[in-house]
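Here is a friendly note to read alongside the model. Please keep the 3D view open as you go through the points.

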Amino acid sequence: MKKTVVIAFIILLSGVFVAATFAGKPKPKPKKKKEEVTATAPPDAEKLTWYSPTDGYAKAKKEKKILIVDAYTDWCYWCKVMDKETYTNADIITKMNKYFVAVKFNPENNGVHKINGQDLSSEAFLQMLNNGGRNSGYPTTFFWKALDDMSLVSAYPGYREPVGFNDILNTWINK
């Protein structure tokens, strides 16, 4: 019993020491990014247009644009951060609306999606995007340029801040 009390006391003192050590210290300044992108779009700026998988696929095919599928879930913290920070960025919005068709896709919502002449469940569509493999988690952004060839879908798993996402968009625009 004495050992437990002594150990608990040591842990408590350690916590107090750590808290006192870091209290009041300023946060380090973030390193400058190699390319600056505009911060969040002002309220009257152009908005990003999101489509369902069926409508987005048809529009991208008709307009010969690259299809971007943002696979997210309602419970995913980083999906919400990406929506708030990346998809509200004025430069990202302008570029995506010009060169891409953006699809918002929650694979946990049941639905039928008409893709490439097939009726796919949400689960089947996600598996198709992953080229038959396992999902890499959420968020995952899929880029699909040649809409008749599923082998050319590329997945970018995880949160992407605006600068990094802008670099990815530029790569796809220049392919």
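The points below cover the ground rules, a disulfide, a helix cap and the packing of a helix.

1. This is a predicted model, in which local features need pLDDT of at least 70 and side-chain atom pairs count only at pLDDT 80 or more, while totals for chains, interfaces and linings use all residues. Residues are numbered from 1 along each chain as its sequence is written, and side-chain values use heavy atoms, with hydrogens and water left out.

2. Start with the sulfur atoms of cysteine 76 and cysteine 79: they lie 2.4 Å apart and form a disulfide (a pair of cysteine sulfur atoms within 2.5 Å). The count by this rule is one disulfide. The torsion about its S-S bond is about 85°, so the disulfide is right-handed.

3. Are these cysteines buried or exposed? Buried means under 20% relative accessible area, exposed over 50%, and partly exposed in between (1.4 Å probe, protein chains only). Cysteine 76 is buried at 4% relative accessibility, and cysteine 79 is buried at 3%.

4. Next, find asparagine 89 in the loop between helix H3 (77–86) and helix H4 (90–99). Helices (H or I, at least four residues) and strands (E, at least two) are DSSP runs, numbered from the N terminus. Asparagine 89 caps the N-terminal end of H4, with a side-chain oxygen 2.9 Å from the backbone nitrogen of aspartate 91. Asparagine 89 has 2% relative accessibility, so it counts as buried.

5. Finally, look at H4 itself, whose buried residues include Ile92, Ile93 and Met96. The buried residues of H4 pack against strand E1 (50–51), strand E2 (66–71), H3, strand E3 (100–105) and helix H6 (162–173); contact here means heavy atoms within 4.5 Å.

Methods: Polar contact = N/O pair within 3.5 Å; in protein donor to acceptor, adjacent residues only side chain to side chain.
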